[in-house]
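Colleague: Before I use this model in my own calculations, I would like to go through its architecture and a few of its residues with you. Could you take my questions in turn?

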Amino acid sequence: MKESSDSALDRIDLRMLRALQRDGRISNADLAVEVGVSAATCHRRTQQLVEAGYVSGFRAVVAPHKVELGTLVLVGVVLDRSTPESFAAFESAVQKLKFVLDCHLVAGDFDYFLKIRVRDMADFNRLHGTQLIGLPGVRQTRTFFVMKEVVDGRALEF
């Protein structure tokens, strides 16, 4: 990040973020060469980007089918009430469900969209019947089984 007191990103920061987003395992030495700074400067700037919250983490992307979670399901959820309390209760409960990969509050016909990975339709049917419809305030769910993942986890464009 810039050496001055303002925390705006400069062109080197942006290049570093793009490179890290493309390959989170890139070595500090290779990243420094790619963005044109010394290894020490690169390390310091990377730490600053992490500390400032521009980088929220590093992780491996596991191939779902290799761990028998090849079925992707999107679930639209409608709550019975639209109150801060009902939203809070639902959000608290859904955060405890490890099979829910993403949960988004949305505008439109649904209150939330969930992204879930399961082994197969039978696995989802079991989870739906035992856990999803029992979440606080759930009035209705609509399930979408993904037939083909065209774009998933694309890097941010900036």
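Modeller: Helices (H or I, at least four residues) and strands (E, at least two) are DSSP runs, numbered from the N terminus. This is a predicted model, in which local features need pLDDT of at least 70 and side-chain atom pairs count only at pLDDT 80 or more, while totals for chains, interfaces and linings use all residues. Residues are numbered from 1 along each chain as its sequence is written, and side-chain values use heavy atoms, with hydrogens and water left out.

Colleague: Where is Glu 68 found, and is Glu 68 buried or exposed?

Modeller: Glu 68 lies in the loop between α3 and β1, and its phi is near 60°, a positive value in a residue other than glycine. Buried means under 20% relative accessible area, exposed over 50%, and partly exposed in between (1.4 Å probe, protein chains only). Because its relative accessible area is 52%, Glu 68 is exposed.

Colleague: Which pattern does the protein chain follow along the sequence?

Modeller: The protein chain has 5 helices and 4 strands. Read along the sequence, these elements give the pattern α-α-α-β-α-β-β-α-β.

Colleague: What radius of gyration does the protein chain have?

Modeller: The radius of gyration is taken over C-alpha atoms, and the globule rule is 2.2 Å times the number of residues to the power 0.38. Along its principal axes the C-alpha trace spans about 55 × 40 × 25 Å. A compact globule of 158 residues would have a value near 15 Å, whereas the protein chain has 20 Å.

Colleague: How is α2 oriented to α3, roughly perpendicular or roughly parallel?

Modeller: Helix α2 (residues 28-35) and helix α3 (residues 39-51) pack at an angle of about 100° with their axes 8 Å apart, where axes are lines fitted to C-alpha atoms, for helices over the stretch in contact, and angles run from 0 to 180 degrees between N-to-C directions. Angles under 35 degrees count as roughly parallel, over 145 as roughly antiparallel, 65 to 115 as roughly perpendicular and the rest as oblique. The angle therefore makes α2, relative to α3, roughly perpendicular.

Colleague: Which residues of α2 and α3 make the contact?

Modeller: Contact means heavy atoms within 4.5 Å. On the α2 side the contact is made by Asn 28, Leu 31 and Ala 32, and on the α3 side by Ala 39, Cys 42, His 43 and Thr 46.

Colleague: Is Lys 115 buried or exposed?

Modeller: Lys 115 is found in strand β3 (residues 112-118). Leaving aside its neighbours within four places in sequence, Lys 115 is in contact with several residues, among them Leu 72, Phe 99, Asp 102 and Asp 152. Because its relative accessible area is 18%, Lys 115 counts as buried.

Colleague: How far apart are the C-alpha atoms of Pro 64 and Arg 117?

Modeller: Pro 64 is found in the loop between α3 and β1 (71-79), and at 24% relative accessibility Pro 64 counts as partly exposed. Its contacts, apart from neighbours within four places in sequence, are Leu 69, Gly 70 and Arg 117. Pro 64 and Arg 117 are 53 residues apart along the chain, and their C-alpha atoms are separated by 7.9 Å.

Colleague: How far apart in space are Arg 126 and Ser 27?

Modeller: Arg 126 is found in helix α5 (residues 121-132), and its 46% relative accessibility makes Arg 126 partly exposed. Arg 126 and Ser 27 are 99 residues apart in sequence, and their separation in space, C-alpha to C-alpha, is 43 Å.
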